Amino acid sequence: MTEESSESTNALSRHKQPQPPTADTELSDSPAPQDESDSAAPEATNGTDASSALSRLKNSQSSSAPATTAEDTDDHEAPALSEVPATERKTSRAPKEDKWTLRDKFNAWLDSFKGPTQEDIEQAIANTPDRLQARWKKLQDDRRAVRLAEERSKQLAAEVEEARLALEEQWERESERMAELERQHAIDARRRQQERETEALLRAARELESDDVPAPQNRPMLQQDDEYLSDDELFERARQNLPEWQRLNRIVYKARSIESQTPAPALPKTEEDLEDDAEVVLPFRKPVTDDPDPQQLDGFRRITLTMSWVLFVVVGLVSLGWVGPWPSMIEAHDGLYSGSTSLMSMAFWHVAAWPILWVGMLLYTSYQWAPSQYSAVRNRTTAWYVSNAMLLAVGAKLLAHFQDWGLEVLASIAASVLLVRAVGSLNRYTERTVKERFLVDMPIGLFTGWMMIFSVTTVFTALASHNLSDLLWIPEIIWAILVILVLLVILSRLTLTGRGRMSIAIGFGFGMIAIAGSRLFGANPSFIIVGVALLGLFVIIAATENRRYQIATAEKQALEYLVYADEED
């Protein structure tokens, strides 16, 4: 841009210097300066200083060119023309110094624009933060204005809705008030009409020498709603209707007197009435459906129960010889629990009951972690008994495996007592669903029945290991029969509770069958023990199943008439 500007300035200075007339000037056409002025005219319109000066120069040259006469030209240039050949005159024509090229014009046009200076750019950069802040402030103001407008519109809509609701409520109250006024007016008008009719009836009764006039509530209106009678017309209608009304009134009065003095005949009860009076009283309490609020002890209870089950399984595997280097409990102490030590010893396959108990107690422990059982009353009252019973069963197996003093008797009896207490808690808080019956009552029942018979086995085995089978000089078979009878009585007291706890009978029966098998095919046979045990077990199972059938039938046939044992009052 700088070089182009300098070239344009040099060209302008050349145009300003006076040019001597030449022969070429004569030969040039006169319109040529006019064309140059015409071409420079657009440049003058741009309003710049350089263009204005250029246009003035061209106009001055074009005005001075015609002033030169032909004679002057001939006088001064004639010798030159005569000396130079024609061909040379044409070729040696000098270029026009005042005619701009396209490049000069383009550079002059570019110079006409005034661009920003360095100071303007620096000032714009310095003002950028203020400009951005002003724009941001304007944006925030616009947003605030829009938000305020929205809030005002919402408030206005809420006020309009509130006014509409208030107006509707006022209209409703006004309509109710008007309806009440109309109803009151109708009652007053009816009462006044009844008073008029009573007066007319009394006048008619005096003519009949009687004062028997029906009460307003026991007679129809003399005047209908769509008509209005005068006093004379009302009196005339009363005279016509009064005799008939008096007769009907006397009949109704006599009928009511007879009805009040005659008692109503007793209707015989139908079969449906007898069924309605029937009640089925269930021999257990109503289930507790509302659980108490959860407590921190509930979580500790579930963790403790889970740890007890883990020990129950791990120690059971070790005591049975399935895990670890130690032999099985049956092989320990020269086969003390092999099946022939005493009359109440079980066959060797009785150890199959322990895996079944592990699975059953796993179901019970897992169900404790259900969200619906977190603070259930049944779990709170039974979980501690069951947890301690599993630990005592673990101790009984370890003691039976690693010592021969008979200390396992104490652990097994204590576990049985705790499980019996757990069954009592189940009877106080009966099951609410079939799932609870399967996952809570059944595992506890199996464990209870098995520990009852297993504790008796440990007692007789410990006595036999110390040669005390004939305690107090009473034969062992007598003690065995007495213990079996006592166990059957206790078992019946447990199985005939609730809806019939068959699981207790099954757990007890498994151990009893193991004893009977050992007495039939073992080294210490006793057919009396087998007969008493199996007969008593059959009676217990039959009674328990009968109770279950009766309660299930009663619940299905008369479910709507059920009354629980704690609701008889």
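Q: Which residues in α17 do Arg378, Asn379, Thr382, Val386, Ala389, Met390 and Ala393 in α15 meet?
A: This is a predicted model, and in it α15 packs on helix α17 (residues 434–465) at an angle of about 35°, with the axes 12 Å apart. The crossing there is left-handed. Sorted by class, the contact has eight nonpolar, two polar and three charged residues. On the α17 side, the partners of those α15 residues are Glu436, Val440, Asp441, Ile444, Phe447 and Met451.

Q: How do α12 and α15 run, roughly parallel or roughly antiparallel?
A: Take the geometry of α12 (residues 296–319) and α15 (residues 377–402): they pack at an angle of about 25°, with their axes 9 Å apart. Angles under 35 degrees count as roughly parallel. So α12 is, relative to α15, roughly parallel.

Q: How many nonpolar residues does the contact of α12 with α15 have?
A: These two helices, α12 and α15, cross in a left-handed way. Their contact includes seven polar and four charged residues. The nonpolar count for that contact is 15.

Q: Why do the buried residues of α7 line one face of the helix?
A: In α7 (residues 102–111), the buried ones are Asp104, Asn107 and Ala108. Looking down the axis of α7, its buried residues line one face because they fall within an arc of 100°. As a general rule, an α-helix has 3.6 residues a turn, so residues three or four places apart point the same way. For α7, the arc in question is 100°.

Q: What share of the 569 residues in the protein chain is buried?
A: The chain has 20 helices and two strands. Of its 569 residues, the buried share is 35%.

Notes: Residues numbered from 1 in each chain as written. Predicted model: local features only at pLDDT ≥ 70, side-chain atom pairs only at ≥ 80, totals over all residues. Heavy atoms only, no water. Buried < 20%, exposed > 50% of the residue type's maximum accessible area, 1.4 Å probe, protein only. Helix = DSSP H or I, 4+ residues; strand = E, 2+ residues; numbered from the N terminus. Arc of directions from axis to C-beta. Axes fitted to C-alpha atoms, helices over the stretch in contact; angles between N-to-C directions. Parallel < 35°, antiparallel > 145°, perpendicular 65-115°, else oblique. Left-handed = near helix turned anticlockwise from the far one by under 90°. Nonpolar A, V, L, I, M, F, W, Y, C, P; charged D, E, K, R; others polar. Contact = heavy atoms within 4.5 Å.
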